[in-house]
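Okay, let's get going. I'd like to walk you through one residue and then one ligand site.

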Amino acid sequence: MSDVSIRKPDLIAVDGTPAPLVDSFKRRITYLRLSVTDRCDLRCSYCMPERMTFLPKKEVLTLEELFELATGFIDRGVDKIRITGGEPLVRRDIIDLFEALGRRLGHGLRELTLTTNATQLADHADALAKAGVRRVNISLDTLDRDKFAELTRRDALPQVLDGIRAASEAGLKVKLNAVALKDINEHELPDLIAWAHGQGHEVTLIEVMPLGEVEEDRLDHFLPLSEVRQRLEKSWTLTDNDANTGGPARYTDIAETGGRLGMITPLTNNFCAGCNRLRVTATGQLYPCLGGSERVDLRGALRSDQPQVNLAKALDEAMTIKPERHHFRMDERGAEPAQPRHMSMTGG
Ligand code: SAM
Ligand code: SF4
């Protein structure tokens, strides 16, 4: 897009500070999900194919560039950053980035967090806590070792459980995310929820989304969470909780387990109206919507002769193109993915 479309006056607010990020639907953007690598040590079958092609390293932003980029967002009012991937903890020296960003906590940044598969978390939990991370989201779809090995194509459940334990011991609040999958973990979900609540962890269930080509037809395993809820209600008392953390999850309390269950239903429902987030890939491509193809190249801005000015302009451009909502559908067998990008690319 040319410079003409950039609303220059938005770059600076009346009081001289950089203007906050507000999109054309008047949604204030305060949350960045920053992918630091597209690589991963697992191969979850709904996320990526076994023979995934990863990006050449030179295309990926350096840690310094990631920091500069994050700083540009913080300066525009983003106060929560989630580091994601791919698997963020497989990126070499990633703790350096956490430490650098951790120094912005209380100085523009309110929360620094990450989403991880926890295979390497036992090695990093203490350093993350020291850097200022207080909460982690850990993806875990099954507690059955064989099923885990089949689903992720790696026999890594023991490491993941070690990672979860280490996170708790380091004082990190753990939230587990599980993708609900028909014929794979559907019958195990009550046990997974009860186990997590017993350990003091919150759980969020997610509907599988059509993002990127994988070997299978995701429709074979699509499980609407409305169905899961009906089943849970046969043995548990679910009371909706009004807590809204600003995200797409809706919460319910389970009397029998004493814990809280989140549900993210991008397919059967969407909560785009309150969307406050942006996603940036490891190559610096900003996607204002997970389900859309709109994109702004931040790497070009960062590597230009005036990185700060061009980054600010690029963020303004993103505000003009963030769509009102996504249009995922999951009702056509063999349909093309809604987006060719894998979740590991855009950052989950
Ligand atoms: N590797 C890290 C992990 O698994 O936590 C972070 C990145 S991963 C892409 C983030 C989240 O996206 C995970 O919870 C994963 O289950 C979820 N995910 C990946 N592909 C998905 C898909 N097609 N539909 C729904 N969730 C997906
Ligand atoms: Fe890796 Fe996370 Fe994708 Fe699984 S969901 S393959 S752990 S990026």
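This is a predicted model: local features need pLDDT of at least 70, side-chain atom pairs count only at pLDDT 80 or more; totals for chains, interfaces and linings use all residues.

Residues count from 1 along each chain as its sequence is written, chains are lettered from A and ligands numbered from 1 in the order written, and side-chain values use heavy atoms, with hydrogens and water left out.

Back to Val78. Where is Val78 found? In the loop between helix H1 (63-75) and strand S2 (80-84); helices are DSSP runs of H or I with at least four residues, strands runs of E with at least two, numbered from the N terminus. Gly108 is 30 residues from Val78 in sequence, yet their C-alphas are 7.6 Å apart.

Now ligand 1. It's surrounded by 18 residues, the closest being Tyr46, Gly86, Thr115, Ser139 and Met209, where a residue counts if one of its heavy atoms lies within 4 Å. Tyr46 has a polar side-chain atom 2.9 Å from a ligand 1 oxygen, and for Ser139 a polar side-chain atom sits 2.5 Å from an oxygen of ligand 1. Gly86 uses its backbone: an N or O atom there is 3.0 Å from a ligand 1 nitrogen. Those are polar contacts, meaning N or O pairs within 3.5 Å; within protein, one must be able to donate a hydrogen and the other to accept it, and sequence-adjacent residues count only if both atoms are side-chain atoms.
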